[in-house]
Amino acid sequence: MLAGARGVGHLLKSTPRLVGSESSRRALCVGTTAAASHGLRMLIMGPPGGGKGTISNWIKADYKTNHVSSGDILRSHIEQGTELGTKAADFIRNGALVPDDVMVGLIDAELDRLGGKSWLLDGFPRNDTQAQSLASKGHHPDVVLLLDIPDEVIIERIKHRWVHVSSGRVYHTLYNPPQKEGIDDETGEPLIQRPDDTVEAVTKRLESYHKMTDPLAEFFKNNLRTFKGSESKKIYPEIQKVLSTMI
Ligand code: AP5
Ligand code: MG
């Protein structure tokens, strides 16, 4: 699948910025359990629709970290009609992974730009190649938050998901609806349903997750914290307990 990946690295030049304004944020400093020389580095992993984006938004609000979401960055490229976005759109719509060289370049650029600031990485790495690349660049997460959500709850959730593309804010029409149908609470801009949120694409994304991303739990086993459940609101207090020991 990744053989066609070559030759698109040049598309990385015009990466839209998706992480928020760091100047308005207090750096999340790491305490005794992690290196004190940089802000806390977090990685969130889990299946598609598992609540990574939802929980990341809560962590971002509570801990003032920089959320780096590979999917949000790609969707921003697509929305802005960049060459990279045009190429990535077909992969995403079909529930396939975007080629590794594109993803590695995108994420490296964001993490390099953040330097020693705190970050929360969401959606990367997704396979062994990407994990090795992250480690080779010295981007080691202090903690890896793994959401272990049963497959059967995923498809039902995704049917009701609406997103605000430019911020990555996530809604669920029944469980977490916007104040006004189809409208983002904070900006008043329209919400969309993602084109890869079809049953067919989600089934493929789940397959790919179990085959390629699940095994990364072993790669990160020293820093791994697993949260089992099916409700983000119940999982989040458990995550807060872990993070409170690290700051
Ligand atoms: P990406 O955007 O990263 O998608 P994903 O990993 O498939 O995960 P999602 O964003 O779909 O789900 P999520 O876990 O963030 O859950 P969320 O909180 O939004 O990637 C998209 C595509 O980009 C990939 O398929 C691939 O093509 C490409 N890509 C990205 N990164 C890549 C990489 N590194 N390499 C290659 N390709 C890459 O949603 C959860 C929903 O559930 C929400 O509606 C929420 O409100 C709802 N919810 C939460 N809790 C509950 C509850 N208790 N009950 C009901 N609903 C609930
Ligand atoms: Mg997401």
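1. The protein has nine helices and seven strands; helices (H or I, at least four residues) and strands (E, at least two) are DSSP runs numbered from the N terminus. This is a predicted model in which local features need pLDDT of at least 70, side-chain atom pairs count only at pLDDT 80 or more, and totals for chains, interfaces and linings use all residues. Residues are numbered from 1 along each chain as its sequence is written, chains are lettered from A and ligands numbered from 1 in the order in which they are written, and side-chain values use heavy atoms, with hydrogens and water left out.

2. Of the 247 residues, 51% count as buried (under 20% relative accessible area, 1.4 Å probe, protein chains only).

3. Gly 46 sits in the loop between β1 (41-45) and α1 (52-63). Gly 46 is buried, at a relative accessible area of 6%. Leaving aside residues up to four places away in sequence, Gly 46 touches Lys 52, Leu 146, Leu 147 and Tyr 209 (contact: heavy atoms within 4.5 Å). Gly 123 is 77 residues from Gly 46 in sequence, with 8.3 Å between their C-alpha atoms.

4. A backbone N or O atom of Gly 51 lies 3.0 Å from an oxygen atom of ligand 1. On the side-chain side, an N or O atom of Ser 70 is 2.7 Å from a nitrogen atom of the ligand, and a polar atom of Ser 232 is 3.0 Å from a nitrogen atom of ligand 1.

5. Four residues of the shell around ligand 1 come from α2, the largest share.

Note on methods. Buried < 20%, exposed > 50% of the residue type's maximum accessible area, 1.4 Å probe, protein only. Polar contact = N/O pair within 3.5 Å; in protein donor to acceptor, adjacent residues only side chain to side chain.
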